[in-house]
Amino acid sequence: KVCCSTHLIEGDGTFNVNGIESFMKEVKLAECGLSYAVVSIMGPQSSGMNLHKLFSYMFTHEAFTWGQLTRHYCFSIVSSQDDTAFEKQSALFALAVSDIVLINMWCHDIGREQAANKPLLKTVFQVMMRLFSPRKTTLMFVIRDKTRTPLENLEPVLREDIQKIWDSVPKPQAHKETPLSEFFNVEVVALSSYEEKEEQFKEQVASLRQRFFHSIAPGGLAGDRRGVVPASGFSFSAQQIWKVIKDNRDLDLPAHKVMVATVRCEEIANEKLASFVANEEWCEFDAAIQTGPVSGFGKKLTSILHTCLSEYDTEATYFDDGVRTTKRKQLEEKLLQLVQPAYQSMLGHIRSGTLDKFKEAFDKALNGGEGFSVAAHSCTKIFMTQFDEQSADVVIQQANWDSSKVREKLRRDIDAHVAAVCAAKLSELTNLYEKKLNNALSGPVEALLDGAGDDTWPAIRKLLRRETESAVSGFSVALSSFDLDEQTTDKMLASLEDYARGVVESKTKEEAARVLIRMKDRFATLFSQDSDSMPRVWTGKEDIRAITKMARLSSLKLLSVLAAIRLDDEADNIEKTLAVVLVDNRSGALTNKSITSDDPLASSTWEEVT
């Protein structure tokens, strides 16, 4: 493995011809033909630490093999501190000679309008079209210090940013319709923080290394390599490209004052952000908020943020106003983004605590005899006001955040609890009155049916009306405290009335199922006992036929009573029909012309009973 380096371009802008020639001889570059590739790093100042570690780890831990080449080539460009135009030109030079350009960027810069790389990329795109014929160069965006956001979520946002920059670049007529893909093949990878996740960083680098091994193969990272020159001509080609860039006077970078302000203000902002993250009081807040609400949250956090921003203002006061203001806004955005989860957690604690207190107070009010609707309204008003007061104490002055969504969530939770309790109470109340009706009707109805006389059904109807009216009246009074709409109330009262009828009908059907046994028992009792209910003494003088008919008619009375459910006060001929068919059918003719000559017992219904 060969590893060596050289200064390719000196600080005064001169191309180091002797240096590149010595370099090529030492590594025998001319012997490689087309089997070589050039990789460059681009990125904002102070952002390259991860990529330096990436290349150090990638090229010094294992041979870097491309076809027949096993070499690591390192070029460097020394820039003048005050010559920002040179820095831009050197970046364009790196883009022009490279097969692969690694663009280092912060993960939190993705999707931001003021991302550090955007101005650089815009100029690079424009000049690339103007100076060079289309050559498919791979732009590999290396996302530094990746957060927990998945790469598949970050990559579309980054690609959209790149496309927007491309679309915004003024294009010469020859490239008005040329797509970005004609010049660049965009790749996106992400690396974890080396300091925080070293092992994960090394694993990701190892994975990336595999892609570089075969970068010049068809479909590899090096793109289509249409502009590649033989290795022996690399020095001359690079000199000519640098000359073209140096002669292009339209590439002046922003004034030195603005550039220095940009770099320095960003450094100050980063220092203040790091200071805030390490702030002991903030760390205690952040830890405490995970388990419960923190007293004085809004005022204390507002004070910490104010101190941090004030320190930035003091240190950045003499720099360019526009740059200083922009960087301050970015710092404020980062700080607020950092504290927003704690703010949301605090609101969540207030919401859950308020909901628990509401439930307790609501149950206590109901158990104390307060009407349901009154209790629900008063408790809701009290605890929504309490939430508003507590959430006002959480407000951070630097943020324009709204707690309305959390408030709406609390109101929905309260309404849902009230609805659940209402349904449970109504169900409980309904069951109570249904049980009362069942107790009031079942026993008496069974006794009346067992007596089976002419007044049985009138007595049952009277009993049903009395108990139903009593239950409905009490139920109606109980429902009035729930503030239900008239339709719902009428429906529930009607349902209770139907339940009462159902008790009578169910008990009647239950007794009717045992009618044959009851008829036999009644016949046997009346046949074997006299009018005083004493055992009959048979002397031989008794009119057995009359006794039998009397017992049979009494049993028939029981049958007629249970033959139909008569909850409507209408007369019927059921008993007479049964008597004619079952007792007097020996005459061979019907005496009542209103009774059909067809067998009335062949039907499952009675004409007079609905």
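In this predicted model, Asp-483 sits in the loop that links helix 14 to helix 15. Its phi is near 55°, a positive value in a residue other than glycine. Most residues other than glycine have a negative phi. Asp-483 is exposed, because its relative accessible area of 59% lies over the 50% cut-off.

Helix 14, on one side of this loop, spans residues 456-479. The helix contains 24 residues. From its first C-alpha to its last it reaches 34 Å, close to the 34 Å expected at 1.5 Å a residue.

Helix 13 holds Thr-430. With a relative accessibility of 19%, Thr-430 falls under the 20% cut-off and therefore counts as buried. Beyond its neighbours within four places in sequence, Thr-430 is in contact with Phe-475 and Met-492.

At least two lining residues come from each of helix 8 (256-278), helix 9 (280-288) and helix 11 (321-367). Helix 11 makes the largest contribution, with seven residues. Two domains take part in the lining of this pocket: domain 1 (17-249) and domain 2 (260-355) each provide at least three residues.

Helix 11 is also the location of Pro-341. Pro-341 has a relative accessible area of 48% and is partly exposed. This value does not pass the 50% cut-off, so Pro-341 is not classed as exposed. Pro-341 and Asp-286 are 55 residues apart in sequence. Their C-alpha atoms are 9.1 Å apart in space.

Two further pairs of residues were considered. Glu-21 belongs to helix 1 (residues 17-27). It is partly exposed, because its relative accessible area of 33% lies between the 20% and 50% cut-offs. Along the chain, 214 residues separate Glu-21 from Ser-235. The distance between the C-alpha atoms of Glu-21 and Ser-235 is 7.1 Å.

Ser-98 occupies the loop between helix 3 (84-97) and strand 5 (100-106). At 0% relative accessibility, Ser-98 counts as buried. Ser-98 and Thr-138 lie 40 residues apart along the chain, and 8.6 Å separates their C-alpha atoms.

Across the whole protein, 18 helices and seven strands are present. The protein has 610 residues, of which 42% count as buried. Among contacts with a separation of 6 or more, 77% join residues 24 or more positions apart.

How values were computed: Residues are numbered from 1 along each chain as its sequence is written. This is a predicted model: local features need pLDDT of at least 70, side-chain atom pairs count only at pLDDT 80 or more; totals for chains, interfaces and linings use all residues. Side-chain values use heavy atoms; hydrogens and water are left out. Helices (H or I, at least four residues) and strands (E, at least two) are DSSP runs, numbered from the N terminus. Domain bounds come from an automatic or database domain assignment. The expected span of a helix is 1.5 Å times one less than its number of residues. Buried means under 20% relative accessible area, exposed over 50%, partly exposed in between (1.4 Å probe, protein chains only). Contact means heavy atoms within 4.5 Å.
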